[in-house]
Amino acid sequence: MKKIRVLFLVLLSVLLLIACGKEEGKEKKTRIIKISHVFQTSEPTHIYISQAAERINEKLKGEIEFQVYPNGELPSYKDAIEQVLRGSDFISVLDPSYIGDYIPDFTALVGPMLYKTYEDYTKVTSSDLVKDLEKQAEEKGIKVLSLDFIFGFRHIVTDKVIKEPEDLKGIKLRVPASKLWIDTFNALGANPVAMPWSETVSALQQRVIDGTETTFSFMSNSKLYELRKNVALSGHFLGTGGVYISTKVWNSFTDEQKKIIETEIKQAAEDNIKKMYELDEQYRKDIEANGMILNEVNLESFQEKTKKVYDEFPGFSENIYEKIRAEVNK
């Protein structure tokens, strides 16, 4: 009887150990954080976000795993920000204008005719002005991890040589379906036509539109040099992406986890900018080799014409244009 009792106690102990092991296994389950963006896998933003995710996963192995989903495979644009606001284990990589729906001055950050170099922009994003905007975003439930995933200045592609805003009068120019873009080109005197990029090449071929505005990379990759020959170096918008996560999710991480994530995202953004300088030169050479003619524009006139966009855009704080320009000029 005694032997049976001892055997029973041993068996009970083994079962308890197994149960504890299972409980511990549950506690150590790796947390999956999904990263959504709309960039193609060949684009620098995807490449460097993915590299950051790999480094984070290595350092936080068994704790947190970042999984990257490109090409809009997961919710993107406004739907992505809603995922962040719901507190999902989700990171969105998007133009800052999408959180401008909640803090309008984030849209002003990517407004027209503000920057001439990538450093102009990164000076602003590291300023107290933007740090205050990031605090406002946190109050809304959005933690900004970076604003610096730059993907290039946008220029005007037409058959006509554009040097002054007056040269755009009546020109039917494809723009994204964005109030900021439409207001900007209305201010410049053009006739903006909102259209998805997927329809732009055929619209240029059929002369439904006179031209478009885009980056060197899109001019090269879409072979726009076969359709239009003149590029006005307006640099009217700087394409850039931010990285956003729910404050609820962020606050659930340990200080060590936060430090690792912030460090790697920052490094990835810096690597991305370095690569963009290289690619800008590469794409510029390609489009020129294929017959595109690049010309400077009267930047002061373009700036003067587009200032009213900042005064009239809904929700922008007073003198936001002057405040951003002051940070650029520091």
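Asp-95 touches Val-110, Trp-181, Thr-240, Gly-241, Gly-242 and Tyr-244, leaving out residues up to four places away in sequence; contact here means heavy atoms within 4.5 Å. The structure is a predicted model, in which local features need pLDDT of at least 70, side-chain atom pairs count only at pLDDT 80 or more, and totals for chains, interfaces and linings use all residues. Residues are numbered from 1 along each chain as its sequence is written, and side-chain values use heavy atoms, with hydrogens and water left out.

Asp-95 lies in the loop between β3 and α4. Helices (H or I, at least four residues) and strands (E, at least two) are DSSP runs, numbered from the N terminus.

The 14 residues of α12 (residues 299-312) should span 20 Å at 1.5 Å a residue, and the end C-alpha atoms are 21 Å apart, which agrees; the expected span is 1.5 Å times one less than the number of residues. Buried residues of α12 are Phe-302, Gln-303, Thr-306, Val-309 and Tyr-310. They pack against α4 (105-109), β4, α7, β8 and α13 (320-329).

Another buried residue is Asn-272, at 0% relative accessibility, and its place is in helix α11. Beyond its neighbours within four places in sequence, Asn-272 is in contact with Pro-44, Thr-45, Tyr-48, Asp-148, Phe-149 and Ile-150.

Finally, there is the largest pocket, with a volume of about 1400 Å³. Of its 48 lining residues, Val-38, Tyr-77, Phe-151, Arg-154 and Pro-176 are the closest to the centre. On a 1 Å grid over the protein atoms alone, a pocket is an open set of points where a 1.4 Å probe fits, with protein on both sides within 12 Å along at least five of seven lines, and lining residues have an atom within 4 Å of a point. Grid points are joined across faces, edges and corners, and the volume is the space filled by probe spheres set on the points. Strand β8 gives the most to this lining, with four residues.

Technical notes
Buried means under 20% relative accessible area, exposed over 50%, partly exposed in between (1.4 Å probe, protein chains only).
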